[in-house]
Amino acid sequence: MRGPLAPSHVPIARSRGERFDDLVLDAVDRLRVRWSKELASVEFGVEEVPRASELIDGPGRLASDPIPFGRAEPAAGGEPALVVVYRRPMEARARDREHLAGLVHSVVVEQVASLLGLTPEAVDPGYDGD
């Protein structure tokens, strides 16, 4: 007999991508409590991996992580501001689901802070940079 292993309404039936999207939405919802006005016109998205142009490579740049976890683009030309989080690099770095959730939250905080011109600690006083 073939078919789904679990009913579609239970958490185990959700794909890894869908569960990651939920982590991003949770992180954004936590920030919207404090920053609803500033984030009202910001769009949030998830991409699998960064674009090739975003990868850091070459001498003098080895001190930073060569694969970014996200990016923030300010509003321009009628387009809203955008925060993008990259799923696969974070999943590869995370030890477990709990660590992944913390990592996602940290990246969202960092990108929002970049967009607002603030420090991550100002955006989220509980920010620990992990």
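Let me start with a definition: a residue is buried under 20% relative accessible area, exposed over 50%, and partly exposed in between, with a 1.4 Å probe and protein chains only. At 54% relative accessibility, Glu79 therefore counts as exposed.

What you see above is a predicted model, in which local features need pLDDT of at least 70, side-chain atom pairs count only at pLDDT 80 or more, and totals for chains, interfaces and linings use all residues. Residues are numbered from 1 along each chain as its sequence is written, and side-chain values use heavy atoms, with hydrogens and water left out.

First, the overall layout. The chain has 4 helices and 3 strands, and along the sequence they follow the pattern α-β-β-β-α-α-α. Helices (H or I, at least four residues) and strands (E, at least two) are DSSP runs, numbered from the N terminus. Of the 130 residues in the chain, 34% are buried. The accessible surface comes to about 8400 Å², and 54% of that belongs to carbon and sulfur atoms; such areas come from the Shrake-Rupley method with a 1.4 Å probe, and for residues only the protein chains shown count as cover.

Contact, from here on, means heavy atoms within 4.5 Å. Among contacts between residues at least 6 apart in sequence, 56% join residues at least 24 apart.

Now the sheet. The 3 strands form an open sheet in the order β1-β3-β2, with mixed pairing. Its edge strands are β1 (43–47) and β2 (70–73), each pairing on one side only. From one strand to the next, the twist averages 15°. Two strands pair if DSSP finds at least two bridges between them. β1 and β3 run parallel and are joined by 5 bridges; in that pair Glu43 stands opposite Leu82, and Phe44 has Val83 as its bridge partner. β2 and β3 are antiparallel over 4 bridges, and here Arg71 stands opposite Val84 of β3.

Why is β3 described as largely enclosed by the rest of the structure? Because 4 of its 5 residues are buried.

α3 lies across β1, β2 and β3 and runs at about 25° to β2. For these angles, axes are lines fitted to C-alpha atoms, for helices over the stretch in contact, and angles run from 0 to 180 degrees between N-to-C directions.

Next, the core. A nonpolar core is a set of buried Ala, Val, Leu, Ile, Met, Phe, Trp, Tyr and Cys residues joined through side-chain atoms within 4.5 Å. The largest one has 25 residues, of which Met90, Val104 and Val108 touch the most other members. α1 (16–39), β3 (82–86) and α3 (97–116) each supply at least two residues. Not counting residues up to four places away in sequence, Met90 touches Phe20, Phe69, Val85, Leu100, Leu103, Val104 and Val107.

Glu91 sits in helix α2 (residues 87–93). Its side chain makes a polar contact of 2.8 Å with that of Arg87. A polar contact is a pair of N or O atoms within 3.5 Å; within protein, one must be able to donate a hydrogen and the other to accept it, and residues adjacent in sequence count only if both atoms are side-chain atoms. Leaving aside neighbours within four places in sequence, Glu91 is in contact with Arg16, Phe20 and Leu100.

Back to Glu79, which lies in the loop between β2 and β3. Glu79 and Val42 are 37 residues apart in sequence and 9.7 Å apart in space, C-alpha to C-alpha.
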